[in-house]
Amino acid sequence: MTTAIIIIAVVAVVAAAAFFLLRGRLADGGRSLRGRFGPEYDRVVARHGGDTEAAERELDDRVKRHGAIEERPLTEEARARYAARWAGAQELFVESPERSLTEADALLADLSRERGFPDGDDFEDRTDALSVHHAAHVDGYRRVHTVRNGDASTEDRREALIEARKLFDDLLAGGPSGREHGNRNLVKGRSTS
């Protein structure tokens, strides 16, 4: 009888320890995903109606599908070409915000493709992959894609273009050696560094 009680007590202690360890790992996983994805984490949780477990499963799946992507470096020529295209898109905003955002949307698709992100017409797959590597700025790309056509105000379009610029700068910054390149403050295609 005493042996049975001891065995039951040991099993209960081991089960309780396993429960708290597992719960701690799950909670830590959420913090890790929240830290990795930042505002994208909150966006996905909101899209899942506040269900953090469903959101974390989705984000974990993104990491499994796209985490191994190695961003290809850009040549100096490609970097200059994209910088000139972005400057042109910004200048076009004065005459035609819609065309400006359409060009920015296409430019981000081309640039992300050249850096090694998914190719093709699947915008969601591309932004999911970008969110794994550039989570802090992928929402600007979504905003440009959404407001480029439609009933958005000029101010909404301007703000979307400004937000998308952050992703553009991140994607453009990786040089041939993978270092930061000083293109964060591009003005009409020229680096200020």
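Colleague: At what angle do helix 4 and helix 8 pack, and how far apart are their axes?

Modeller: In this predicted model, helix 4 (residues 76–95) and helix 8 (residues 154–173) pack at about 175°, and their axes are 12 Å apart. The two helices are therefore roughly antiparallel to each other, because angles over 145 degrees count that way.

Colleague: Nice! Which residues of helix 4 make that contact?

Modeller: On the helix 4 side they are R79, Y82, A83, W86, Q90 and F93. Helix 8 brings several partners, including R157, L161, F168 and L172. By class, this contact has nine nonpolar, two polar and four charged residues.

Colleague: Okay, what about helix 4 and helix 5, how do their axes cross?

Modeller: Those axes come within 7 Å and cross at roughly 165°. That makes helix 4 roughly antiparallel to helix 5.

Colleague: Is the crossing left-handed or right-handed?

Modeller: Helix 4 passes helix 5 in a left-handed crossing. Among the residues that meet there are Y82, W86 and F93 of helix 4, and L101, L108 and L111 of helix 5. The contact divides into 13 nonpolar, two polar and seven charged residues.

Colleague: Switching topic: how many residues does helix 5 have, and what length does it reach?

Modeller: Helix 5 (residues 97–115) has 19 residues and reaches 26 Å from its first C-alpha to its last, close to the expected 27 Å.

Colleague: And which helices do its buried residues pack against?

Modeller: They pack against helix 4, helix 6 (123–134), helix 7 (138–147) and helix 8. The buried residues of helix 5 include L101, A104, L108 and R115.

Colleague: What comes just after helix 5?

Modeller: There you'll find G116, with a positive phi of about 115°.

Definitions and conventions:
Residues numbered from 1 in each chain as written. Predicted model: local features only at pLDDT ≥ 70, side-chain atom pairs only at ≥ 80, totals over all residues. Heavy atoms only, no water. Axes fitted to C-alpha atoms, helices over the stretch in contact; angles between N-to-C directions. Helix = DSSP H or I, 4+ residues; strand = E, 2+ residues; numbered from the N terminus. Parallel < 35°, antiparallel > 145°, perpendicular 65-115°, else oblique. Contact = heavy atoms within 4.5 Å. Nonpolar A, V, L, I, M, F, W, Y, C, P; charged D, E, K, R; others polar. Expected span 1.5 Å × (residues − 1). Buried < 20%, exposed > 50% of the residue type's maximum accessible area, 1.4 Å probe, protein only. Left-handed = near helix turned anticlockwise from the far one by under 90°.
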